[in-house]
Amino acid sequence: MMADSGEDDHAVGGPVRHIPVLLDEVIAALAPKAGETIIDGTFGAGGYTRAILAAGANVVAIDRDPDAISAGRELESQSGGRLRLVQAPFSSIDAHAEQIDGVVLDIGVSSMQLDQAERGFSFRSDGPLDMRMAQQGVSAADVVNRFKAGDLARIFGFLGEERHAGRIARMIEKRRASQPFERTRDLAEAIADTVGRNPKDKIHPATRVFQALRIYVNDELGELARALFAAERALKPGGRLVVVTFHSLEDRIVKRFIADRSGTAAGSRYLPETQVKSATFEKSGGAVGPTERETEANPRARSAKLRAAIRTEAPPRAPDLSIFGLPKLPEVRSAGER
């Protein structure tokens, strides 16, 4: 089950008041204390950072969205030197701090980004087909208008779990020959016209395609995987790793990483035994979801899942992306390369 699959404001990109998801659970798992330093790898609107500062800890807050960094400057200036903002992808967290007491990651798009029609994440409010969190590089329009139908189908099928991926991809390839896709609502309406809408469906027919494009354009799964390895390098022994995800693809990556690094990954009785590796993390409980009260107050929290682990004294291992089982998708290239 993918996150944001209901027809609520967050799913289709309508206005949502920013509310940090699983805030109490995140702070309990992070356990920030005065004098400690915590990395908030996905600063966004600063919900977690404010709570961590209130607990007395220092924060290095990272976000690749220049708008988020700009909006956070006032909080930084009011922090008395306890908050440092960094504009960078969160996969680089270990380049900005070391021997850290905690790392928190809230994966996915922020309500702040969804609310801005000009960012192109939404199709309820028409805007340019963009979706770039860092506001640079290949846009969603580049992908839709340049990629082969087969590549588009793979992106929609895997990253969006869209069952009509092939039909939608062929429609896009045919339509763009006479009229390229440039606006969010244009693409959404073309998808709806192609696959129709079942009255029983709770989401718009374009929801999964838009999710897939956003994840692909921003390499969100790759960023998450690399960020987990970076956290392993940055955390000191006893440091806490806390990750909040919103759909099954993200949660699977976090779950597999913790299982692999804590030595709890399931092996096969048909394969030869491999050398036992030192555990770099200790699993801290199981997955935690929102309370009914929180989902009523904040629909975005509905599919949220928190996983946590504690860093051991073992040295970090070499990164190995194969543990996540991610498929090979077409490379993101500039216009002159495709």
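Here are some notes on this predicted model, point by point.

1. **Ground rules.** This is a predicted model, where local features need pLDDT of at least 70 and side-chain atom pairs count only at pLDDT 80 or more, while totals for chains, interfaces and linings use all residues. Residues are numbered from 1 along each chain as its sequence is written, and side-chain values use heavy atoms, with hydrogens and water left out.

2. **The overall picture.** You are looking at 14 helices and 7 strands. Both are DSSP runs numbered from the N terminus: helices are H or I with at least four residues, and strands are E with at least two. Of the 338 residues, 51% count as buried. Buried is under 20% relative accessible area, exposed is over 50%, and partly exposed is in between (1.4 Å probe, protein chains only). Among contacts with a separation of 6 or more, 72% join residues 24 or more positions apart; a contact means heavy atoms within 4.5 Å.

3. **How α2 packs on α3.** Two packed helices are described by the angle between their axes and the distance between the axes. For α2 (residues 23–30) and α3 (residues 47–54), the angle is about 50° and the axes are 11 Å apart. Those axes are lines fitted to C-alpha atoms, for helices over the stretch in contact, and angles run from 0 to 180 degrees between N-to-C directions. The two helices are therefore oblique to each other. On this scale, under 35 degrees is roughly parallel, over 145 roughly antiparallel, 65 to 115 roughly perpendicular, and the rest oblique.

4. **Who touches whom there.** The crossing of α2 and α3 is right-handed, the near helix being turned clockwise from the far one by less than a right angle. From α2 come L23, V26, I27 and L30, and they meet G47, Y48, A51 and I52 of α3. By class, this contact has 7 nonpolar, 1 polar and no charged residues. Nonpolar covers Ala, Val, Leu, Ile, Met, Phe, Trp, Tyr, Cys and Pro; charged covers Asp, Glu, Lys and Arg; the others, Gly among them, are polar.

5. Most residues other than glycine have a negative phi. L22 has a positive phi of about 50° without being a glycine, and it sits in the loop between α1 (9–12) and α2. A31, also not a glycine, has a positive phi near 50° and lies in the loop between α2 and β1 (37–40). Are these two buried or partly exposed? L22 is at 0% relative accessibility, so it counts as buried, whereas A31, at 30%, counts as partly exposed.

6. **The buried side of α8.** In α8 (residues 149–159), the buried residues are A149, D151, L152, I155, F156 and L159. They cover an arc of only 165° around the axis, so they are on the same side of α8; the arc is that of the directions from the helix axis to the C-beta atoms. What covers them includes α7 (140–146), α9 (165–176), α11 (207–217), α12 (220–234) and α13 (248–262).

7. At 35% relative accessibility, E161 counts as partly exposed. E161 and V209 are 48 residues apart in sequence, with 8.5 Å between their C-alpha atoms.

8. **How α9 packs on α10.** Here α9 and α10 (residues 184–195) meet at an angle of about 125°, with axes 10 Å apart. That makes this pair oblique, and the crossing of α9 and α10 is right-handed. R167, I168, M171, I172 and R175 of α9 make the contact with D186, L187, A190, I191, T194 and V195 of α10. By class, the α9 and α10 contact has 7 nonpolar, 1 polar and 3 charged residues.

9. **A closer look at T194.** This residue is in α10 and is partly exposed, with a relative accessible area of 21%. Which residues does T194 touch, not counting those up to four places away in sequence? They are R167 and M171.

10. N298 is found in the loop between α14 (292–297) and β7 (305–311), and N298 is buried at a relative accessible area of 3%. Leaving aside neighbours within four places in sequence, N298 is in contact with I19 and V21.
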